[in-house]
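Biologist: I am new to this structure and would like to go through its pockets and one of its helices. Could you take me through them step by step?

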Amino acid sequence: MNPDTCPVPSTVAPPAPRATVWRRLAVPAGLLAAVAGAFAYVGAVDPGQPGHYPVCPLYRLTGLYCPGCGGLRSAHAFVHGDLLAALRDNALGVAAYLGFAVLWTVWVVRAVRGRPFRLELRPAPMRAIGVLLLVFTLVRNLPSGGWLHP
């Protein structure tokens, strides 16, 4: 037998079948269901009533507001459509809710189109987020930052 005419087994694997749209949307849909469930719970169980949620440990120990203080009350007001109260309780939390909505929407659009979604934060944006949290925390704990108190 001539080696030039013998069929050579292919070493290249056939292309993997593309995942269906529904399969690509499973994880974003699961995350949305979890977030919606958490918001539904906070919307139903008022954080303003004592005994339902633990007190912030930083506030309990030091009397200082952390960046998350007022976040549950903010989420409760947001669920009930009171945007001004949500901003008053935790303005940074409202910005985070909206940021999540934008990122989730981009994720879903990319999943439908069959493109991967990767959120890679480089050191500079990470530092900027850290500085934002630090400044927010400092300002809301100053006497002049009373408008940021939850």
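What follows is a set of questions and answers on a predicted model.

Biologist: Which residues lie nearest the centre of the largest pocket?

Modeller: The largest pocket has a volume of about 430 Å³, and its lining has eleven nonpolar, six polar and one charged residues. Helix H4, residues 71-79, gives the largest share of that lining, with three residues. Of the 18 residues that line the pocket, those nearest its centre are Pro 54, Val 55, Cys 56, Gly 70 and Arg 73.

Biologist: Which element gives the most to the lining of the second largest pocket?

Modeller: The second largest pocket holds about 180 Å³ of space, and its lining has ten nonpolar residues, with no polar and no charged ones. Among the lining residues are Leu 32, Phe 39, Tyr 97 and Trp 104. Two elements, helix H2 (26-44) and helix H6 (91-112), each give two or more residues to this lining. The most, five residues, comes from H6.

Biologist: How far apart are the end C-alpha atoms of H6?

Modeller: H6 has 22 residues, and at 1.5 Å a residue the helix should span 32 Å. The model agrees with this expectation, because the end C-alpha atoms of H6 are apart by 32 Å.

Biologist: Against which helices do the buried residues of H6 pack?

Modeller: Buried here means under 20% relative accessible area, and the buried residues of H6 include Leu 92, Tyr 97, Trp 104 and Val 108. The helices that the buried residues of H6 pack against are H1, H2, H4, H5 and H7.

Notes:
Residues are numbered from 1 along each chain as its sequence is written. This is a predicted model: local features need pLDDT of at least 70, side-chain atom pairs count only at pLDDT 80 or more; totals for chains, interfaces and linings use all residues. Side-chain values use heavy atoms; hydrogens and water are left out. On a 1 Å grid over the protein atoms alone, a cavity is a set of points where a 1.4 Å probe fits but cannot get out, and a pocket is an open set with protein on both sides within 12 Å along at least five of seven lines; lining residues have an atom within 4 Å of a point. Grid points are joined across faces, edges and corners, and a volume is the space filled by probe spheres set on the points. Helices (H or I, at least four residues) and strands (E, at least two) are DSSP runs, numbered from the N terminus. Ala, Val, Leu, Ile, Met, Phe, Trp, Tyr, Cys and Pro count as nonpolar, Asp, Glu, Lys and Arg as charged, and the others, Gly among them, as polar. The expected span of a helix is 1.5 Å times one less than its number of residues. Buried means under 20% relative accessible area, exposed over 50%, partly exposed in between (1.4 Å probe, protein chains only). Contact means heavy atoms within 4.5 Å.
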